[in-house]
Amino acid sequence: MGLDRYDRLEEFVAARGTRLLRFAVLLTGTREAGEDLFQHGLERLVRHWSRIDGDPEAYFRQILSRLAVDRWRSRARRGEQVGDVPTQSVSAGTDTLDLRDALMGALATLPPRQRAVVVLRHWEQLSESETAAVLGCSVGTVKSTSSRGLARLRSIVEPQALVTTNFNERSSRHER
Amino acid sequence: MSVDFDELLSDAMTRSTDDVFLAPAALGRAVRKVDRRRQMTVAAAAVLMVGAGTTGIVAAVSGHGNGRGEVVQTARAANNLRVTDAVRQQLITTWALAQGLARKYVAGTAPGSVYYGHLTSTNTDWAVSSFTPIAAVKSSTGNLGAAFQDGPWVFSKPAGGSWKLVTDSGGVLCPREVPPALAKVWSLPTPQGCGRVTHSTSPAYSRYSNARFGFSVEVPTAYKAGRLPADRDGREFTNAAGTANVTAYGGDNVLNRTPAGELSAQRSRYASEGDTVTYKHRRGNVIAVSGTTTTGTVFYLREVVLSKAIYSLEWSYPVASRASFNTVVNHSAATFQPGPNKTA
């Protein structure tokens, strides 16, 4: 096992690490939990590095996603903190910045699988079938989980956001 | 104003992580450490330190992870700030929301528990506080009061941002749980022991009890407790050499798994990671899975699978030292007491 192998790992993580760390932060809801998740994922990646045949980023994304819905390694981090919790309610005078904060706070309250599906679909921009492959579940599960997750986000955010904002929902994006 | 929900969601996720960066320099050192210590990948990976912060690459150890990292954090200037009532109220609101508690149940911050300061290098405010419940919660026979037993709690707030809960110190605030510069200006004492392990009658073992899920287990006294996850569902303990660890945790049985189903799922999980399962066992609602990894580590998982909750005990130690771990592993398994069959 030579250092060259790890040099390539270094190159990969140096090139894509920040993006994947951000992905981990979104999966867990907080920076600290995301860093912990990233470390756990990296541990797995190192272990399997020599056997990875294909795109290591996709593989690492899969590791992070599955760890994020795994009971301990992510449940311990699932809601371990509630993201960037807005300290003020979003009420009259709300604006897009408030909505972003409210959304991130709401996202952090979702169960791990719902959050993972939402992040994979809406941040990684994966299709339903791609999301299903990453999480190792059926497309139907992705559909229902996504639907519930988005509905919950809307239920948390929308009543307040409607004070000044109209959501122009494009539900078709969730049905592909 | 008309805002597309999908775009808003995507934008929120992107902007919320704009200031998250990886520290490649730290990574390089850590990966080489993995190479040197590849026999224990699990332990080595714990030093893969991630730097994050608005200043770009920050080699961060203190305050994150388990503190075993090698990367040195540069000294940070910090200022002690006066705790205003507004800050107290913000902390209470943030904490209550994170706990899933209604704000009305919190009487206030615990007297003498609040620290508040500013970390110049990251332009971030930090605070530490414990909280007291209202009288009705104190006398409640429900679980509301349990959330008030932990702490002090650590919070941070970026400039222009909002407070977030960083961690529950687990009963004893160790200076390492806040940036060193702040620990210094706050003159935080260094208590004896950081964690919630209490000594049992045995000199060799300590009993760890989890307040949230109600399970307990005895672990070797010499093992170091890891940081308490903020949702307080368990704890990891590591031996002095860093070669073995035991993790005990509880969780809701969200997938409604039966013991047989859970055993199958755990076997599959290990197999998918390339591990070799050499032992599996199920009796009643107790399952156990054991085997070895490709990196020379023995894993042992014991779970009590109830309809509403699953309680887990997981060991990892070197194959080469298998014999010497038999006693402590068996002891912890024998003393592992699950919590009640209810969601937490």
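This is a predicted model: local features need pLDDT of at least 70, side-chain atom pairs count only at pLDDT 80 or more; totals for chains, interfaces and linings use all residues.
Read from the N terminus on, chain A goes α-α-α-α-α-α-α-α-β-α. That makes 9 helices and 1 strand. Of its 176 residues, 60% are buried. Chain A exposes about 6,600 Å², and 46% of that comes from carbon and sulfur atoms. Among its contacts with a separation of 6 or more, 68% join residues 24 or more positions apart.

Now for the inside. The largest nonpolar core holds 50 residues, and the ones touching the most other members are Leu45(A), Phe60(A) and Leu153(A). The largest share, 10 residues, comes from α1(A). Which residues does Leu45(A) contact, leaving aside its neighbours within four places in sequence? They are Leu9(A), Phe12(A), Ile52(A), Tyr59(A), Phe60(A) and Ile63(A).

Another core lies apart from that one: it has 28 residues, among them Ala248(B), Val298(B), Tyr300(B) and Val304(B).

Over in chain B there's a sheet to look at. Strands of a sheet pair through backbone hydrogen bonds, either parallel or antiparallel. In this case 7 strands form an open sheet with antiparallel pairing, in the order β12-β13-β14-β18-β17-β16-β15 (chain B). At the edges sit β12 (224-225) and β15 (276-283) of chain B, each pairing on one side only. Further in, β17 (residues 297-305) and β18 (residues 309-318) of chain B pair in the antiparallel sense over 9 bridges. One of the residues involved is Thr297(B), whose bridge partner in β18(B) is Pro318(B).

| Helix (chain B) | Residues | Strands it lies across (chain B) | Angle |
|---|---|---|---|
| α7(B) | residues 259-272 | β15, β16, β17 and β18 | about 15° to β16(B) |
| α8(B) | residues 322-335 | β16, β17 and β18 | about 165° to β18(B) |

So where do you find β17(B) in all this? In the sheet order of chain B, β17 stands between β18 and β16. Helix α7 of chain B lies across β17, and helix α8 of chain B lies across β17 as well.

Terms used
Residues are numbered from 1 along each chain as its sequence is written. Chains are lettered from A and ligands numbered from 1 in the order in which they are written. Side-chain values use heavy atoms; hydrogens and water are left out. Two strands pair if DSSP finds at least two bridges between them. Helices (H or I, at least four residues) and strands (E, at least two) are DSSP runs, numbered from the N terminus. Contact means heavy atoms within 4.5 Å. Axes are lines fitted to C-alpha atoms, for helices over the stretch in contact, and angles run from 0 to 180 degrees between N-to-C directions. Buried means under 20% relative accessible area, exposed over 50%, partly exposed in between (1.4 Å probe, protein chains only). Accessible areas come from the Shrake-Rupley method with a 1.4 Å probe; for residues, only the protein chains shown count as cover. A nonpolar core is a set of buried Ala, Val, Leu, Ile, Met, Phe, Trp, Tyr and Cys residues joined through side-chain atoms within 4.5 Å.
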